[in-house]
Amino acid sequence: MADACLVGSATGFVDLSFVETAFLGVVQGVTELVPVSSSAHMRVVPALLGWPDPGAAFSAAMQMAALVGVISYFWRDIFGLASGSVSALKRRDYNDFSFQLVLWIIIGTIPIVIAGLALSHSLNSCDSPLRSLWAVGIACIVMGGLLAATELLAKHRRDLPSIRPLDIILVGIAQAAALIPGVSRSGGTITAALALGFKREEAARFSFLLGLPAILLAGLKEIWELHKLSLDAHGWALLAVGLIAGGISSLIAIWGLMRFLERFSTWPFVIYRILLGFVLIAAAATGAAV
């Protein structure tokens with residue numbers, strides 16, 4: 001078996017087959033954008049199937065696939081923000097909504113950048129306690145409870161144009177908390193946006209637009225780290241297969257999620273997350289999975 005610990009980064013995916021990598025790419029692509037925690041699924045699915053833990057490096061690099069899905073689905077929003085910001089800069093109209101939203105998104109990304117740098121070693125090291133079944137399971141249950149609270153208490157009336165700087169800061173902090181496996185980036189940010197009174201579909205739109213810089217930076221950083229580790233051609237080929245599978249599944253997942261949130265509540269995700277959390281804790285307690 002190849003060494004799954006290369007200079008402190010968990011790269012267990014090098015021991016997977018192409019079919020296994022493609023399958024996990026689909027799992028990552030779907031769960032990265034749906035509020036159920038991709039890290040929890042990337043921990044439990046390989047364990048249930050008897051495969052090696054693909055590692056934090058694989059999960060982070062797979063975020064580039066999620067980026068493809070987000071850009072493909074929200075390209076009109078992204079193009080509108082980009083062109084509107086450029087136009088505002090030319091006019092020196094710094095009160096323009098597009099310009100301000102882009103600026104706020106950049107500011108909202110700062111918390112996760114700081115937290116990511118501070119927790120980099122803990123998140124990527126082999127046998128990190130943050131990736132244990134106990135930790136992931138507890139995080140799933142806690143976040144499921146918080147999402148349930150927003151369904152019960154929040155009003156779900158606000159649209160994206162009503163966004164304020166404080167909203168960006170609070171959701172940005174929630175995004176930083178999602179570095180903890182089991183929290184879920186989309187789950188944390190959607191929950192925070194719902195708590196602030198946004199409609200469900202607008203909360204998801206808010207979450208994904210805010211997440212663009214963070215997803216890009218995390219993916220590029222991990223790919224660069226893998227480059228520095230001199231990953232061989234087979235490893236890069238495995239990663240490419242996962243990225244292709246993940247990119248396709250991400251686009252399907254985000255389309256399905258937006259259609260779902262336009263019509264229904266997030267209660268199915270609440271129930272699923274809590275059940276998943278208890279399954280992970282039970283597995284850890286009984287030694288059924290490690």
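How many residues does helix α2 have, and how far does α2 reach from its first C-alpha to its last? Helix α2, residues 38-49, has twelve residues and reaches 16 Å, close to the 16 Å expected at 1.5 Å a residue. The expected span is 1.5 Å times one less than the number of residues, and helices are DSSP runs of H or I with at least four residues, numbered from the N terminus.

This is a predicted model, in which local features need pLDDT of at least 70, side-chain atom pairs count only at pLDDT 80 or more, and totals for chains, interfaces and linings use all residues. Residues are numbered from 1 along each chain as its sequence is written, and side-chain values use heavy atoms, with hydrogens and water left out.

Nine of the twelve residues of α2 are buried (under 20% relative accessible area, 1.4 Å probe, protein chains only). Among them are H41, M42 and R43. At the N-terminal end, S37 caps α2, with a side-chain oxygen 3.1 Å from the backbone nitrogen of A40. After α2 comes G50, whose phi is positive, near 75°.

The whole structure holds seven aromatic pairs (rings of Phe, Tyr and Trp, the last by its six-membered ring, with centres within 6.5 Å; edge-to-face means planes over 60 degrees apart). Two of these pairs are tabulated.

| Pair | Centre to centre | Between planes | Class |
|---|---|---|---|
| Y73 and F74 | 4.9 Å | 80° | edge-to-face |
| F198 and F206 | 5.3 Å | 65° | edge-to-face |

F74 is buried, with a relative accessible area of 0%. Both F198 and F206 are buried. Ring pairs also link Y73, F74 and F208 into a cluster.

Conventions. Helices (H or I, at least four residues) and strands (E, at least two) are DSSP runs, numbered from the N terminus. Buried means under 20% relative accessible area, exposed over 50%, partly exposed in between (1.4 Å probe, protein chains only). A polar contact is a pair of N or O atoms within 3.5 Å; within protein, one must be able to donate a hydrogen and the other to accept it, and residues adjacent in sequence count only if both atoms are side-chain atoms. Rings of Phe, Tyr and Trp (its six-membered ring) pair if their centres lie within 6.5 Å; planes under 30 degrees apart count as stacked, over 60 as edge-to-face and the rest as tilted.
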